[in-house]
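Q: I am new to this structure and would like to learn how to read it, one feature at a time. Could we go through it slowly together?

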Amino acid sequence: MSWTGWLQAGFVLLIIILATKPLGSYIAAVFAGERNVLSKLLRPIEHGCYRLCRIDPQREMLWQEYGGAVLIFSLVGCGYLFALLLTQAYLPLNPQHASNFAPDLAWNTAVSFTTNTNWQFYSGETAMSQLSQMIGLAWHNFVSAATGIAIAIAMIRGITRRGIATLGNFWVDLTRALLYLLLPLSLIGALALCWQGVPQNFHRYTQITTYEHGSQLLPQGPIASQEIIKLLGTNGGGYVNANSASPSENPTPLSNLIEMVSMFLIGAALTYTYGRYARDQRQGWAIFVAMAILFVAGFASVYAAEAAGNPIVHQLGVAGGNMEGKEVRFGLPGSALFATMTTDTSCGAVNAMHDSFTPLGGLVLLLNMQLGEVVFGGVGSGLYGILLFVILTVFIAGLMVGRTPEYLGKKIERREVQYAILAALVVPIFALLPTAIAAVLPSALNTLGNAGPHGFSEILYAYSSGVNNNGSAFGGLGPNLWWNLSLSVVMLVGRFGIIVPALALAGSLANKRVVPASVGTFETCSPIFVLLLIGVILIVGALTFFPADALGPIVEQLLMQKGTTW
Amino acid sequence: MNKRSATWGQSLLYTFWSVIVFGLLYPLMIAILAHYLMPIQADGSLIRDKHGVIIGSSLSGQLFTKQGYFHSRPSAAGNGYDPTQSGGSNLGPTSNKLIETTRANVLHLRQENPQAPATIPADLASTSASGLDPEISPEAATFQLARVANATQLSGTQLRALIQLQTIQPELGFIGEPRVNVLKLNLAVQNLIFCTHLPRDCRTSVK
């Protein structure tokens with residue numbers, strides 16, 4: 001490990017800390033409908049959209065209606081992408097003549113992008129037309145991210161509102177997230193990435209005669225515009241197969257920095273927005289600190305493991321850390337940092353191949369996802385995810401002191417805890433059950449790229465990634481009917497199986513009477529609470545997954561030290 | 001019932017307008033701005049020779065095999081350095097195949113560079129994540145120095161200076177890693193050979 005590596009990580013965290021307050025208060029103003037710097041420019045577009053789509057922006061929705069709109073809009077978007085992928089060969093902007101998708105792959109991809117997972121069983125540079133990339137995938141990157149943000153805002157309203165049963169209007173929240181937040185940030189970011197070398201054009205692929213007279217075909221297309229929203233919206237689906245490891249998507253350490261900051265930016269700012277709504281910024285910062293601690297711990301472990309390297313490779317006379325599946329310009333710290341952040345959030349973009357990480361490094365990435373991706377998390381989903389953990393923590397703390405638990409003055413009762421538990425159970429059930437099935441299913445096992453415990457890790461990683469809508473992979477899996485269908489189910493349940501209980505919980509809290517705080521009220525912004533919250537996240541996540549993780553990365557790490565290979 | 005059918009209609013209309021704005025207008029706008037503000041990057045950072053023929057791109061590494069060239073890292077993209085099949089080996093740390101491939105890489109590097117230092121830099125013996133890594137570490141360049149010097153009749157001092165000149169340092173000293181673009185280094189080597197023979201006609205066309 002080098003001090004420059006640590007400095008780089010510290011620098012990223014510093015940018016995030018500095019951006020959290022200004023961006024968080026801007027987001028709060030946007031969703032409250034207050035005048036802001038972009039109002040003059042964007043308000044006409046916003047209202048034009050409401051008129052066109054016959055939306056009454058004044059009408060507030062109960063949680064059932066809000067959730068219904070989320071589900072129906074997602075379903076329409078999913079069907080739209082499914083149809084687009086089945087017919088892309090007949091459509092324009094297809095300079096490389098990409099053919100139509102097979103139905104099961106089209107379905108997997110449509111679900112994957114609708115649920116903000118962006119799991120990819122295809123190679124973007126050969127399988128996708130430029131049109132599909134733009135109006136299919138990049139569009140989904142925008143709306144699935146905005147949907148997540150809208151739900152987070154609805155949940156914040158539910159927790160902090162007093163005497164109002166409604167959660168806001170989904171269409172208004174969606175539009176504001178798209179226009180005021182994602183669009184301006186993407187415009188700036190796309191130009192910055194292009195400046196660093198990410199292409200943005202509509203050319204055919206470029207024929208290159210290499211220096212030794214070989215031949216190469218360089219992918220071209222609107223890559224920069226899609227790249228930035230892939231990270232800002234924590235989507236993660238790459239334009240090309242190698243994702244952010246490819247120089248076409250991520251050409252320099254500076255572009256790498258922009259991409260890493262983009263992953264955390266909105267998720268971190270939402271904690272401040274939350275504090276603003278709660279009329280107590282400390283509530284937001286308490287959550288921020290818990291997240292930051294888990295982030296630093298994760299990075300330190302991955303960086304240490306990768307810098308220690310692979311002893312079996314060292315014996316061959318190779319010096320240094322584990323560079324298999326990593327790029328020279330990012331090196332060990334730039335790869336370890338990106339990998340930690342992409343699994344902390346629901347992003348899933350990769351700038352190094354997670355499959356080739358050391359077992360211990362891979363274990364931390366796996367754990368980050370299994371904890372529910374609440375370390376800044378996916379845009380929106382990170383906040384509503386950790387708020388579910390906050391409710392659980394308050395409940396457990398209440399049990400310990402023997403008082404009715406309350407959060408921000410609202411009593412946490414049976415129904416709220418049931419919803420929180422329901423959401424907390426979705427992740428382990430839909431990650432572990434399919435893993436168990438796939439581990440004995442020949443059609444799943446035949447496609448594994450690695451044998452021994454690493455092969456098991458590939459399966460476990462796939463479903464942990466799917467159910468948490470991450471989308472990164474231990475890339476060794478080959479797509480077939482089983483993987484396409486089972487992962488699509490897991491991704492759907494992982495997305496909507498959390499959204500529905502989260503909204504239900506918000507709806508149930510919205511209508512509650514506020515009881516004034518007393519001496520016995522448990523402080524939810526104290527250091528003790530932060531520690532307790534981290535404890536609950538680790539216990540719920542780690543203990544559920546420990547047995548499975550022990551069979552994969554943990555046993556592999558021990559055997560690697562002994563020099564065993566498969 | 002009424003409310004639900006209204007939601008379907010809203011969803012369809014919303015998909016329609018947002019596809020036009022975010023799927024078409026937004027990338028088009030970036031493309032136009034990029035075309036005028038940074039045309040070289042927008043078109044894929046292509047590298048041309050003196051006659052204008054495209055011989056590479058900063059966005060893709062190439063295969064170099066001749067003794068007089070610095071070599072890139074091993075590549076798992078297609079049959080090697082295929083930009084339409086970008087990707088890594090996806091082999092885990094305890095994979096037999098990984099160890100065998102690495103052993104073969106090590107053997108090959110040893111045979112080609114008999115005068116090289118005892119330990120091999122990690123990046124030179126391992127495949128990159130994209131299979132298109134255009135760069136190697138300065139250590140990996142130095143490892144190949146004696147071989148290139150023998151084949152090109154250039155002195156070690158000259159080549160060492162060239163590697164130093166071609167090394168890109170981390171931004172602000174800590175963002176990224178020191179690295180050398182292999183294609184640009186080889187172009188610089190060729191330029192140096194050219195200059196040694198025809199000093200008067202020497203133009204430093206390659207930075």
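Q: Into which domains is chain B divided, and how far apart do their C-alpha centres lie?
A: Please keep in mind throughout that this is a predicted model. Chain B is split into domain 1, covering 2-39, and domain 2, covering 45-201, and the C-alpha centres of these two domains of chain B are 43 Å apart.

Q: How should I read a nonpolar core, and which residues touch the most other members of the largest one here?
A: The general idea is that in soluble globular proteins nonpolar side chains tend to be buried together. In this model the largest nonpolar core holds 225 residues, and those that touch the most other members are A:Phe170, A:Trp483 and B:Tyr14. Among the elements that contribute, helix α6 of chain A (residues 130-160) gives the most, with 18 residues. Domain 1 (2-39) and domain 2 (45-201) of chain B both give residues to this core, so the core lies between them.

Q: What is A:Trp483 in contact with, leaving aside its neighbours within four places in sequence?
A: With those neighbours set aside, the contacts of A:Trp483 include A:Asn108, A:Phe121, A:Ala438, A:Tyr463 and A:Leu477, as well as A:Gly478 and A:Ser488.

Q: How do I read the interface, and how many residues does the contact take from each chain?
A: The size of an interface is often given as the accessible area lost when the parts come together. Here chain A and chain B bury about 8,400 Å² between them, with 67% of it on carbon and sulfur atoms, and the contact takes 108 residues from chain A and 98 residues from chain B. On the side of chain A, the residues that lose the most area to chain B are A:Tyr211, A:Glu212 and A:Val328, which together make up 10% of what that side buries.

Q: How many residue pairs are in polar contact between chain A and chain B, and how many salt bridges are counted there?
A: Between the two chains there are 43 residue pairs in polar contact, counting pairs with both residues at pLDDT 80 or more, and the count of salt bridges between them is 1. That salt bridge joins B:Asp133 to A:Arg329, with the closest N and O atoms 3.9 Å apart. Helix α7 of chain A (residues 170-196) supplies the largest share of the side of chain A that touches chain B, namely 12 residues.

Q: Where is B:Asp133 found, and is it buried or exposed?
A: B:Asp133 sits in the loop between α4 (122-125) and β4 (135-136) of chain B, and it counts as buried because its relative accessible area is 0%, whereas the cut-off for buried is under 20%. Its side chain reaches the backbone nitrogen of B:Glu135 at 3.1 Å. B:Asp133 also belongs to a network of salt bridges that links it with A:Glu327, A:Arg329 and B:Arg73. Beyond residues up to four places away in sequence, the residues that B:Asp133 touches include A:Lys326, A:Val328, B:Gly61 and B:Tyr81.

Q: How many salt bridges are there over all chains, and which parts of the chain does the pair A:Asp173 and A:Arg157 link?
A: Over all chains the count comes to 16 salt bridges. The side chains of A:Asp173 and A:Arg157 meet at 2.9 Å, N to O; A:Asp173 lies in helix α7 of chain A and A:Arg157 in helix α6 of chain A, 16 residues apart, and this pair links distant parts of the chain. Both of these residues are buried. A contrasting arrangement is the salt bridge of A:Glu227 with A:Lys230, whose closest N and O atoms are 3.1 Å apart. Because they are 3 residues apart in helix α8 (residues 223-232) of chain A, A:Glu227 and A:Lys230 are separated by about one helical turn.

Q: What is phi of A:Arg279 near, and where is that residue placed?
A: Most residues other than glycine have a negative phi. For A:Arg279, however, phi is near 55°, a positive value, and A:Arg279 is placed in the loop between α9 (253-277) and α10 (281-308) of chain A. With 55% relative accessibility, A:Arg279 counts as exposed. A:Leu408 likewise has a positive phi, of about 50°, although it is not a glycine, and A:Leu408 is found in the loop between β4 (406-407) and β5 (410-411) of chain A.

Technical notes: Residues are numbered from 1 along each chain as its sequence is written. Chains are lettered from A and ligands numbered from 1 in the order in which they are written. This is a predicted model: local features need pLDDT of at least 70, side-chain atom pairs count only at pLDDT 80 or more; totals for chains, interfaces and linings use all residues. Side-chain values use heavy atoms; hydrogens and water are left out. A nonpolar core is a set of buried Ala, Val, Leu, Ile, Met, Phe, Trp, Tyr and Cys residues joined through side-chain atoms within 4.5 Å. Buried means under 20% relative accessible area, exposed over 50%, partly exposed in between (1.4 Å probe, protein chains only). Helices (H or I, at least four residues) and strands (E, at least two) are DSSP runs, numbered from the N terminus. Domain bounds come from an automatic or database domain assignment. Contact means heavy atoms within 4.5 Å. Buried area is the accessible area (1.4 Å probe) that two parts lose on being put together, summed over both. A salt bridge is a side-chain nitrogen of Lys or Arg within 4 Å of a carboxyl oxygen of Asp or Glu. A polar contact is a pair of N or O atoms within 3.5 Å; within protein, one must be able to donate a hydrogen and the other to accept it, and residues adjacent in sequence count only if both atoms are side-chain atoms.
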